Amino acid sequence: MKIGFIGLGNMGAPMAINLAKAGHEVLGFDVVSDAPDGVAQGESGAGVATEADMVITMLPNGDILRAVASEVIPAMKPGAVFLDCSTVDVESARAVATEAQEAGLGALDAPVSGGIGGAQAGTLTFMVGGSEDAFATAKPLFEIMGQKAVHCGPSGNGQAAKICNNMILGVTMIGTCEAFALADKLGLDRQAMFDVVSTSSGYSWTMNAYCPAPGIGPTSPADNDYQPGFAAELMLKDLRLSQQAAEAANADTPMGARAAELYETFVEQEDGEGRDFSAMLPRFERRKRS
Ligand code: NAD
C-alpha cells in the first residue's frame, strides 16, 4: 500500500517505521521532525496524501487534526482511507469523518493504547470507529502496528471507547494510590497489601500489572523513579476529553471529574509534569487529610 503518514512524534515515528519494515511504501510529514529511517520525506501534509491509498495521522489534539484534515482530504484520491490514530475529542473525530466521507473517502478514528513501547514493538491496541469497509481495508495495517483492533461501531466510537477506558484507568490509579498511602499510615506492609488486594476484590490492572509502589508486583514505572510510562499530563489530557464528552452527552461522571481535578493539580501545581501517572502514590504519601 502507498501510505502517507502525518505526525512523526513519539508514537507516529515508530508506527511509520513498522509499516515501512513490513514492505509498505511510506511517505511521512511532520512540522518539526524529519522522517525516520525507512520512511520517505514528504514536503507537506497534502504532499504525502496525493498518491496515498491510506493517510494516517498521529497528532497532538483535535484542533490540529481538523486543520490537517482540511488540508489533506481535498488532496486525497477517491476511495482512499483517512485513518486518524490520535487521541482527540469525539466531536472532532466525527467532524473529520464527515468531511472525509463527503469527499468520497473512507474514514476511521482509531486511537491506541499501549504507549511508546507498544508503538515500537508493534503491539498497540486499536479502538476503531467507522464503516466495516474502511475497517477491513485498514485491518492489515492494524496487524502490523498492533496486536489487536476492535471495531467499536460508527465514526467517533473509537474515541469514545478510548476515553471511557482511560477514565476508568485514571480513577482506578487514584484509588489504588490513595489506598496504598492509607495502608502505610495504618502500618500495613506494602507487600502484604499487594498480596491481599491483587488476589481479592480490589484487584485491578493498576494494582496487578502496573503497581504504583516501587519494588512490589511486576516491574513498572514505579521501579524506575516514576519515569513514564504513561505521563501524568497525557492522563490529564484524556480525563479532560472524558469530561468534555460527558458534558456534551449530559452524562454524570463524578469520579471522572474528580480524577481530572486531581491530575490537573498534580500536573499544573505540583511536581507531576513529566512523571508517570502512577507518581500519584508519592503525592498521597506526602499529604495529610486536609
Ligand atoms: P508527539 O507530540 O510526540 O507527536 C505529535 C507530532 O505531531 C509531533 O511530532 C508534532 O510536530 C506533529 N505535528 C503537530 N502539528 C502538525 C501538523 N500540522 N502537521 C504535521 N505534524 C504535526 O505526541 P505522541 O506522544 O506521539 O502522541 C500522538 C497522539 O497519540 C496524541 O493524540 C496522544 O494523546 C496519543 N497517544 C499517546 C500515547 C503516548 O504514550 N505517547 C499513548 C496513547 C495515545
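**From the strands to the ligand and the pocket**

Guide: Let's start with a pair: isoleucine 6 faces phenylalanine 29, a residue of β2. Strands here are DSSP runs of E with at least two residues, helices are runs of H or I with at least four, and both are numbered from the N terminus. Before going on, please note that this is a predicted model, in which local features need pLDDT of at least 70 and side-chain atom pairs count only at pLDDT 80 or more, while totals for chains, interfaces and linings use all residues. Residues are numbered from 1 along each chain as its sequence is written, and side-chain values use heavy atoms, with hydrogens and water left out.

Strands β1 (residues 2-6) and β2 (residues 25-29) run parallel, joined by 5 bridges; strands count as paired if DSSP finds at least two bridges between them.

Now to the ligand. It has 24 residues around it, and Asn10, Met11, Asp30, Leu59 and Lys237 come nearest; a residue counts if one of its heavy atoms lies within 4 Å. Asparagine 10 places a backbone N or O atom 2.9 Å from a ligand oxygen. For methionine 11, a polar backbone atom is 2.8 Å from an oxygen atom of the ligand. Aspartate 30 uses its side chain instead, with a polar atom 2.6 Å from a ligand oxygen.

Methionine 11 also leads us to the open space. The largest pocket has a volume of about 1300 Å³ and 43 lining residues, with Met11, Gly115, Ile116, Phe230 and Leu234 nearest its centre. Several elements give two or more residues to this lining, among them α3 (62-72), α5 (115-121) and α10 (232-249), but α7 gives the most, with 6. By class, the lining has 20 nonpolar, 17 polar and 6 charged residues.

A pocket is an open set of points on a 1 Å grid over the protein atoms alone, where a 1.4 Å probe fits, with protein on both sides within 12 Å along at least five of seven lines; lining residues have an atom within 4 Å of a point. The volume is the space filled by probe spheres set on the points.

Note on methods: A polar contact is a pair of N or O atoms within 3.5 Å; within protein, one must be able to donate a hydrogen and the other to accept it, and residues adjacent in sequence count only if both atoms are side-chain atoms. Ala, Val, Leu, Ile, Met, Phe, Trp, Tyr, Cys and Pro count as nonpolar, Asp, Glu, Lys and Arg as charged, and the others, Gly among them, as polar.
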